[in-house]
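My notes follow the order of the look-ups.

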Amino acid sequence: DNCCLICFGGADPQNLRMKVLEELGNSKSNSFDHFHVVTGSAYRYFEDLTGFATNQKRISVYQALSVEDLALSMKKCSFAVCSPSTVVYEYMSVGGIVFLEQIAENQKDVKRFMIESGMAFPFEEICDVDEEAMHQSLRHQSEYFDGKSGERYQKIFRQYFESKKLSIRK
């Protein structure tokens with residue numbers, strides 16, 4: 001299946017989930033078989049969203065998923081439309097094609113970096129990205145999200161504690 005995750009964090013005050021779903025659902029040029037829409041408990045449009053999704057077999061809606069369940073949903077989706085926030089880091093650690101839609105001013109720099117570095121695309125280009133650009137995007141993501149961050153954090157903390165002659169007690 002060609003699944004697409006749609007996630008804008010917990011609240012999504014502008015209700016971009018619905019706007020994205022309506023745009024992609026009405027577009028003849030997208031090829032998504034299914035949408036996994038994830039919300040948080042602070043999402044105030046949940047009833048509208050579930051009402052919209054009820055009559056459409058291509059949409060599954062999830063609210064306040066556990067970390068494990070969110071990771072499973074992400075792994076099911078080869079594509080994601082999300083905000084340039086922590087959710088995009090989580091999704092890219094799983095690996096997939098990302099389209100970004102900024103929902104807050106403090107996301108501007110993350111969005112610019114991810115697009116300029118070739119890891120993601122602006123949402124507006126969702127129907128225009130070719131296969132080669134998608135492959136390049138995954139390659140660029142793997143340069144940053146290589147599964148070794150835990151080792152790097154441990155090294156940084158070790159170096160810091162050694163330089164300060166500090167120790168950690170249980």
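**Rings and cores**

I started with Phe-145, which has 22% relative accessibility and so counts as partly exposed. The model I am reading is predicted.

Next I looked up the partner ring, Tyr-89. Tyr-89 is also partly exposed, at 38% relative accessible area.

I then counted the aromatic pairs and got 6. In one of them, the ring centres of Tyr-89 and Phe-145 are 6.2 Å apart. Their planes meet at 40°, so I noted the pair as tilted. Which parts does this pair tie together? Tyr-89 lies in helix α4 (residues 86-94), and Phe-145 lies in the loop between α6 (131-144) and α7 (149-164). The pair therefore links parts 56 residues apart in sequence.

I moved on to Tyr-43. Is Tyr-43 buried or exposed? Its relative accessibility is 3%, so it counts as buried. Tyr-43 pairs edge-to-face with Tyr-45, at 5.8 Å centre to centre and 65° between the planes. I also found Arg-17 over the face of Tyr-43, 4.7 Å from the ring centre.

I noted one aromatic cluster made of Phe-32, Phe-35 and Phe-79.

Then I turned to the cores. The largest nonpolar core has 25 residues. Phe-35 and Phe-99 are among those with the most contacts inside it. Helix α1 gives this core its largest share, 5 residues. A second, separate core has 18 residues, including Met-74 and Met-119.

Last, I checked Phe-99. Leaving aside neighbours within four places in sequence, its contacts include Phe-79, Val-81, Phe-121 and Ile-126.

Technical notes. Residues are numbered from 1 along each chain as its sequence is written. This is a predicted model: local features need pLDDT of at least 70, side-chain atom pairs count only at pLDDT 80 or more; totals for chains, interfaces and linings use all residues. Side-chain values use heavy atoms; hydrogens and water are left out. Rings of Phe, Tyr and Trp (its six-membered ring) pair if their centres lie within 6.5 Å; planes under 30 degrees apart count as stacked, over 60 as edge-to-face and the rest as tilted. Buried means under 20% relative accessible area, exposed over 50%, partly exposed in between (1.4 Å probe, protein chains only). Helices (H or I, at least four residues) and strands (E, at least two) are DSSP runs, numbered from the N terminus. A charge sits over a ring if NZ of Lys or CZ of Arg is within 6 Å of the ring centre and within 35 degrees of the ring normal. A nonpolar core is a set of buried Ala, Val, Leu, Ile, Met, Phe, Trp, Tyr and Cys residues joined through side-chain atoms within 4.5 Å. Contact means heavy atoms within 4.5 Å.
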